[in-house]
Structure formats: C-alpha cells, structure tokens
Amino acid sequence: MSGAGRPGQGFGSSASEMPPLVRPPQPQQPAPPSRDEYDVTQPIPFERPIAEADTQPSAVVPLGPTGRPMPVFPDPAPLTVRGRARVVSMCNQKGGVGKTTTTINLGASLAEFGRKVLLVDFDPQGSLSVGLGLNPHEMDATIYNLLMDRETTLDEVVVPSGIAGMDLLPSNIDLSAAEVQLVHEVAREQTLQRVLAPALEHYDVILIDCQPSLGLLTVNALTASDGVIVPLECEYFALRGVALLKTTIDKVRERLNPKLEIDGVLGTMFDGRTLHSREVMERLVSAWGDTVFHTVIRRTVKFSDATVAGEPITSYASSSTGADAYRQLAREVLTRWPAE
Ligand SMILES: Nc1ncnc2c1ncn2[C@@H]1O[C@H](COP(=O)(O)OP(=O)(O)OP(=O)(O)O)[C@@H](O)[C@H]1O
Ligand SMILES: [Mg+2]
C-alpha cells in the first residue's frame, strides 16, 4: 500500500504531525577513496587507519608513502640469457639529492638479484669511488684516461667494487679537465657512449653517477643511456629545477639519443612524520604521475655511516630499512625495464 510508510519515517498523512527527525551527532567518517576515483590533487590520508579502511578486508589496498596503492614487486627471476646491458644515468643538477647513494645501493641490490653491474663514476668529486672505499689519490687510471686516450682500454680502468657481481669505473678530480678538453673533440657528446660500448656485452646493467650539473659530462651520460633515474630529495626547493632537467632530457632525446627514457623519479630522504615531506611527495605525484617510483628512500643516518665505511648499505647494514628500500627499488626498476 503506497504512502503508508513505517512509523517514524515521515511518510503518509501523519508526516506533518510528526516531530522532526533528530539524529544524534555522527562522527565524521568519510569513506576512503577507491582506487579509481583517487585524485592526487586532494590531500592524501597517508596513514589510513585500518579500521576506517573498508568493511571488507579483501578490498583494502594499503597506500604507499607516495599516496598511491602500493603494488607488490616480486623478486626477479634469475637471468638465463645475457643480453645487452641497460645503461641508466642517475641525474639531477641539484647537489646532495642522493644520486651517488642511489647508484651504489641500487647497483648492489641488482647484483644481489644476480645481475652483473658496472657502476660508472662520472663526477669529478669522485664520491662514488670514495663511497666504495677507493682512495682518489691512489688510482692508476680513471675514466678520464678512457675518455681522453684512445690507447687505454676498459679492462685497464675497471676495478672490482668489493661487492660480488659489481664493478666500478672510478673517477677523481682529473675528470674536471675532460669537460674542458672534450669541447674541442669531434662528436664530443658521444664520447662516453663510445667508451662504454665494449662493456655492453659483459654487463646486465650499467649505472652512471652524474655530477650535479647539466654540462657536457651529463649530456655525455644521457647520450650513452637507455634510461634516466631522477633522485629527488623530498624537500620543497628540490622541486625547483626539475622543469629544466626535463627540458635537457627532452633535448638530448630529440638531438642525440632518441631511445632515451625517463625510468622514474625517486623520492629520497623522505620523512613520513613530517607534513612537508608528504606534501612534496603529493606534488611530485600530481606533476609526474606514475613516473614517480612507488618506492621511496627514507631519511636515515645509516647512509652516511655506510659511506664512511666505504660500502653499500646493503652490506654495511644488510637488514636495515634503507637496505630493504633499495632492494625494493631494484625489484620495481626491473618491472619497469623492458624484458632483459
Ligand atoms: N636517504 C638518505 N637519508 C639520509 N642521508 C642520505 C640519504 N641519502 C643520501 N644521504 C646522504 O646525503 C648526502 C648526499 O648524498 P649523495 O652524495 O648520494 O647525493 P648526490 O646527489 O650524489 O650529491 P652530489 O650532487 O654532490 O653528487 C650524503 O652524505 C649521503 O650519505
Ligand atoms: Mg654524487
């Protein structure tokens, strides 16, 4: 029967005589956004309490530190066939953002997963070489010799890194002269590419640690690379200059190296307890979308300690969160790279 309604519902002829329905105040509990309607421009509930998540536990997708649902990255399968190495530059003209730390620890993690890795120190500061325990004043030959002297071969310069499966092309302050001398060379932007060519068949991954500038050395690194990883400190000023870096990468792709891809932007020195870090991450994701790695590297003094010890954090503090973060980055990176 229509219009009858149930008592207290306000339907039917007795509605006007009913007192207005007064509800007790309800605690505000907005439903969490579903994966599809997620809007990165809205504030992100980074630490979503489990009780608030969903009524059906199977529907809960935990959000990662970037504010997006966190995928599970599987351990990579062992390599059965060795192909051509993938060459990747760590690049950001801003100093102190974690380029060298990422080169050492991503390299060591990839080596743990059975990849044969060559690290290229392409910064006259030589931090990568020092970070692996080398003395910059006691190097017989460096990448400078390889670049400037055609008689020098790769074998004469490559040294073991102390980590199984990972070698190093060291550098020191001599490399700063190369930047000036290369200006007069023919095909000056392709010099590193030529030098690394014989290494491609011996390694699975070659990681180039760039200096904090967008000068000729960095253009050489980008020209020699298949991909770029951009480490970016989770700090507001770190976002400035990213547009210029993107323009440089685009120019190198257009003019020198059409295969160059941005493999990902990596948030480093993240501190999930501060709103600032989370806001920077939110801006990063809204600007760069899925280019931003799900993995972020948290701020911890263990990285500086490992540098002093001259080894990767994966061996210096193997079970630390920093070591695990770089192992996770290695897994994530391997899902992004084309099948080996
Ligand atoms: N996640 C982290 N937490 C805390 N400290 C870090 C972290 N990553 C790197 N560091 C420290 O920050 C300093 C700068 O890091 P790193 O040398 O990797 O940066 P960079 O980008 O290579 O610098 P540059 O531009 O000078 O080459 C180092 O002392 C390093 O130990
Ligand atoms: Mg560095």
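Okay, quick definition before we start: two strands count as paired if DSSP finds at least two bridges between them. Keep that in mind, and remember that what we're looking at is a predicted model.

So, where does that definition come in? Look at strand 2, residues 117-122, and strand 5, residues 205-210: they run parallel, and 6 bridges join them. Within that pair, Leu119 stands opposite Leu207 in strand 5.

Now zoom out. These strands sit in an open sheet of 7 strands, with mixed pairing, and the order goes 3-4-2-5-1-6-7. At the edges you've got strand 3 (159-163) and strand 7 (261-268), each pairing on one side only. From one strand to the next, the twist averages 25°. And there's a helix packed on the sheet: helix 8, residues 216-224, touching strands 1, 2, 5 and 6, with its direction at about 160° to that of strand 5.

Next, helices. When two of them pack, we describe them by the angle between their axes and the distance between the axes. Take helix 2 and helix 13: their axes come within 8 Å and cross at roughly 70°. Angles of 65 to 115 degrees count as roughly perpendicular, so helix 2 is roughly perpendicular to helix 13. Helix 2 brings residues including Leu106 and Leu110 to the contact, and helix 13 brings Leu329 and Val333, among others. By type, the contact has 6 nonpolar, 2 polar and 2 charged residues.

Last stop, ligand 1. Which residues come nearest? Out of 19 around it, those are Gly95, Lys99, Thr100, Thr101 and Pro212. Helix 2 shows up again here: helix 2 and helix 11 (302-309) are the elements giving two or more residues to the shell. That shell is 5 nonpolar, 11 polar and 3 charged.

Methods
Residues numbered from 1 in each chain as written. Chains lettered and ligands numbered in written order. Predicted model: local features only at pLDDT ≥ 70, side-chain atom pairs only at ≥ 80, totals over all residues. Near = placed C-beta within 6 Å. Helix = DSSP H or I, 4+ residues; strand = E, 2+ residues; numbered from the N terminus. Nonpolar A, V, L, I, M, F, W, Y, C, P; charged D, E, K, R; others polar. Axes fitted to C-alpha atoms, helices over the stretch in contact; angles between N-to-C directions. Parallel < 35°, antiparallel > 145°, perpendicular 65-115°, else oblique. Contact = placed C-beta atoms within 7 Å.
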